[in-house]
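Please keep the sequence and the structure in view while reading.

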Amino acid sequence: GGYKLVEFSVPSGSRCAVAGEAEGVNGNFELLVLTYDEMVAWQANSTTASALWRSGLTSKADPVVRISTAGKYGIVVSNRAAWMLAHTVKSNLELGCKGVWPPYPGNAK
C-alpha cells in the first residue's frame, strides 16, 4: 500500500518532458505525474486530486509528459490500490529539459 515519490522543478522558460517506462511484477500499480499542489492533495488521499498524466491501474506504463510551465512537480509510483499484496515495480524514467524557450538573441539552443 505504499508509493515512491520523486520531486523536481522546472525552471522558467524551459521545455521539459518526463518519459520512460515502468513495469510491475506481481500485479498492478499506478504511475502519476503531478503538479506540487496536486501531489500534496494526492498524498492526503484527496478524491479531487488531478494529475497531468495518470496511467490508471496497469502492469506497464510508458509516459511521455511534456511540461512547459515553471514550478514544482512530482512523479509517483503507487501500489495503494493493492495494499494487501507485495509488488515490485521497475522503472526507468527521465526528466529531460531544453533551455529557455523561445530562444532569444545570445541564447539560441
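Apart from its neighbours within four places in sequence, Phe-8 is in contact (heavy atoms within 4.5 Å) with Val-18, Ile-67, Gly-71, Lys-72, Tyr-73, Gly-74, Ile-75 and Leu-95. Phe-8 belongs to strand E1, where helices (H or I, at least four residues) and strands (E, at least two) are DSSP runs numbered from the N terminus. With a relative accessible area of 11%, Phe-8 is buried; buried means under 20% relative accessible area, exposed over 50%, and partly exposed in between, with a 1.4 Å probe and protein chains only. Between Phe-8 and Tyr-36, the C-alpha to C-alpha distance is 9.1 Å, while the two are 28 residues apart in sequence.

The model is predicted: local features need pLDDT of at least 70 and side-chain atom pairs count only at pLDDT 80 or more, whereas totals for chains, interfaces and linings use all residues. Residues are numbered from 1 along each chain as its sequence is written, and side-chain values use heavy atoms, with hydrogens and water left out.

The chain as a whole contains one helix and eight strands. Their order along the sequence is β-β-β-α-β-β-β-β-β. Of the 109 residues in the chain, 28% are buried. Among the contacts with a separation of 6 or more, 80% are between residues 24 or more positions apart. The chain exposes about 6800 Å², of which carbon and sulfur atoms supply 51%; these areas come from the Shrake-Rupley method with a 1.4 Å probe, and for residues only the protein chains shown count as cover.

Which strands are joined to strand E7? Two strands pair if DSSP finds at least two bridges between them. Strands E1 and E7 run antiparallel and are joined by eight bridges. In this pairing, Phe-8 has Tyr-73 of E7 as its bridge partner. Strands E3 and E7 also run antiparallel, with six bridges between them, and here Glu-30 has Ser-78 of E7 as its bridge partner. Strand E7 covers residues 71–78, and because six of its eight residues are buried, E7 is largely enclosed by the rest of the structure.

Side chains of opposite charge can pair when their charged atoms come close. A salt bridge is counted when a side-chain nitrogen of Lys or Arg lies within 4 Å of a carboxyl oxygen of Asp or Glu, and by this rule there are three. In one of them, Arg-54 pairs with Glu-30, and their closest N and O atoms are 3.0 Å apart. Since Arg-54 lies in strand E4 (residues 53–54) and Glu-30 in strand E3 (residues 30–35), this pair ties together parts that are 24 residues apart in sequence. Glu-30 is buried at a relative accessible area of 17%, whereas Arg-54, at 39%, is partly exposed.

Another salt bridge connects Glu-21 with Lys-60, with 4.0 Å between the closest N and O atoms. Glu-21 is in strand E2 and Lys-60 in strand E5 (residues 60–61), so that distant parts of the chain, 39 residues apart, are linked. Lys-60 forms a salt bridge with Asp-62 as well, and here the closest N and O atoms are 3.6 Å apart.

A disulfide is a covalent bond between the sulfur atoms of two cysteines. It is counted when a pair of cysteine sulfur atoms lies within 2.5 Å, and the count here is one. The disulfide joins Cys-16 to Cys-97, with an S to S distance of 2.0 Å. The link of Cys-16 and Cys-97 is right-handed, with 110° about the S-S bond. Because Cys-16 lies in strand E2 and Cys-97 in strand E8 (residues 88–98), the pair ties together parts that are 81 residues apart in sequence. Cys-16 is buried, with a relative accessible area of 5%, while Cys-97 is partly exposed at 42%.

Finally, Ser-14 lies in the loop between strand E1 (3–10) and strand E2 (15–25). Is Ser-14 buried or exposed? Its relative accessibility is 8%, and therefore Ser-14 counts as buried. Leaving out residues up to four places away in sequence, Ser-14 touches Ile-67, Ser-68, Lys-98 and Gly-99.
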